[in-house]
Amino acid sequence: RVDAADVSAHEFAALCDSVAACSRDKDALFSDPRTRRLVLLMPESSADQAQALFASVKARLKQEGVGQGGSLLSKVSAIVVPNGNPFENAESFLGYVLDSE
């Protein structure tokens with residue numbers, strides 16, 4: 001889950017594009033431009049793979065000159081939830097992730 005409330009609409013769109021470009025075919029990306037919240041589901045992934053994704057997104061943003069890459073990512077709060085823990089089911093996980101408060 002990424003909460004990017006402190007970024008511009010342009011930066012958020014660039015972030016979404018970069019995450020989509022760096023994700024795998026089996027990953028699922030959901031975003032809400034209104035709340036500037038993005039969720040990427042990465043099935044069968046490790047914490048190392050999540051870190052590799054962040055590094056790839058940062059490099060891509062720098063390459064494209066959007067928000068200085070690292071500067072933009074420093075405004076983003078990201079939460080990694082391995083294997084859905086501590087959530088009991090998908091409904092409670094998505095409720096937490098998509099809650100706009």
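Tutor: Happy to! A residue counts as buried under 20% relative accessible area, exposed over 50% and partly exposed in between, with a 1.4 Å probe and protein chains only. By that cut-off, 28% of the 101 residues of the protein are buried. This is a predicted model, where local features need pLDDT of at least 70, side-chain atom pairs count only at pLDDT 80 or more, and totals for chains, interfaces and linings use all residues. Residues are numbered from 1 along each chain as its sequence is written, and side-chain values use heavy atoms, leaving out hydrogens and water.

The protein has 4 helices and 4 strands, taken as DSSP runs numbered from the N terminus (helices H or I, at least four residues; strands E, at least two). Let's look at H2. Its 18 residues should span 26 Å at 1.5 Å a residue, and its end C-alpha atoms are 26 Å apart, which agrees; the expected span is 1.5 Å times one less than the number of residues.

The buried residues of H2 are Ala-50, Leu-53, Val-57 and Leu-61. They cover an arc of only 65 degrees around the axis, so they lie on the same side of H2; the arc is that of the directions from the helix axis to the C-beta atoms. An α-helix has 3.6 residues a turn, so residues three or four places apart point the same way. On the other side of H2, Asp-48, Gln-51 and Gln-63 are exposed. After H2 comes Gly-65, with a positive phi near 70 degrees.
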